[in-house]
Amino acid sequence: MKSYMLDLNSIDRVKGFVKAIEVFDGYFDLATGRYVIDAKSIMGIFSMDLSKPVEFRVLENHDRLSEIETAIAPYIAQA
């Protein structure tokens, strides 16, 4: 499993993120605290507290990890 902290604090960022990640096969989660949802579920994402960064998890060893990292790069939270 590989994880990244994402900043999805606007409707446009959520839409862009889902569009970027839905082209990849596999299992991806978003988590905040103990709340975990499917990262491809736009409705699930909007049910989360997006005022803070959320954790994006790639749940399996993915042969396209570098492509996934490129796709999510605009959404990675700045430390």
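This is a predicted model: local features need pLDDT of at least 70, side-chain atom pairs count only at pLDDT 80 or more; totals for chains, interfaces and linings use all residues.
Okay, quick one before we start: when I say helix, I mean a DSSP run of H or I with at least four residues, and a strand is a run of E with at least two, both numbered from the N terminus. By that rule, Met43 sits in helix α2, and I'll come back to that residue.

Residues are numbered from 1 along each chain as its sequence is written, and side-chain values use heavy atoms, with hydrogens and water left out.

So, the overall fold. The chain has 3 helices and 4 strands, and going along the sequence they read β-α-β-β-α-β-α. The radius of gyration is 11 Å, close to the 12 Å from the globule rule for 79 residues, so the chain is as compact as a globular protein of that length. That radius is taken over C-alpha atoms, and the rule is 2.2 Å times the number of residues to the power 0.38. The C-alpha trace spans about 30 × 25 × 25 Å along its principal axes.

Contacts next, meaning heavy atoms within 4.5 Å. Of those between residues at least 6 apart in sequence, 65% join residues at least 24 apart.

Now the surface. Where is the nonpolar patch? Ile11, Ile42, Met43 and Phe46 make it, at about 410 Å². Patches here take residues with over 30% relative accessible area and no salt bridge, joining like charges within 9 Å and nonpolar side chains (Val, Leu, Ile, Met, Phe, Trp, Tyr) within 5 Å. The areas are Shrake-Rupley with a 1.4 Å probe, and for residues only the protein chains shown count as cover. Helix α2, residues 42–46, gives the most to the patch, with 3 residues. Back to Met43: its relative accessible area is 67%, so it counts as exposed. The cut-offs are under 20% for buried, over 50% for exposed and partly exposed in between, with a 1.4 Å probe and protein chains only.

Last, charges. How many salt bridges does the structure hold? There are 3, each needing a side-chain nitrogen of Lys or Arg within 4 Å of a carboxyl oxygen of Asp or Glu. Lys52 pairs with Asp49 at 3.6 Å, and Asp49 is partly exposed at 37%. Glu55 pairs with Arg57 at 3.3 Å. Then Arg64 meets Glu67 at 3.0 Å, N to O; Arg64 is partly exposed at 30%, and Glu67 is partly exposed at 39%.
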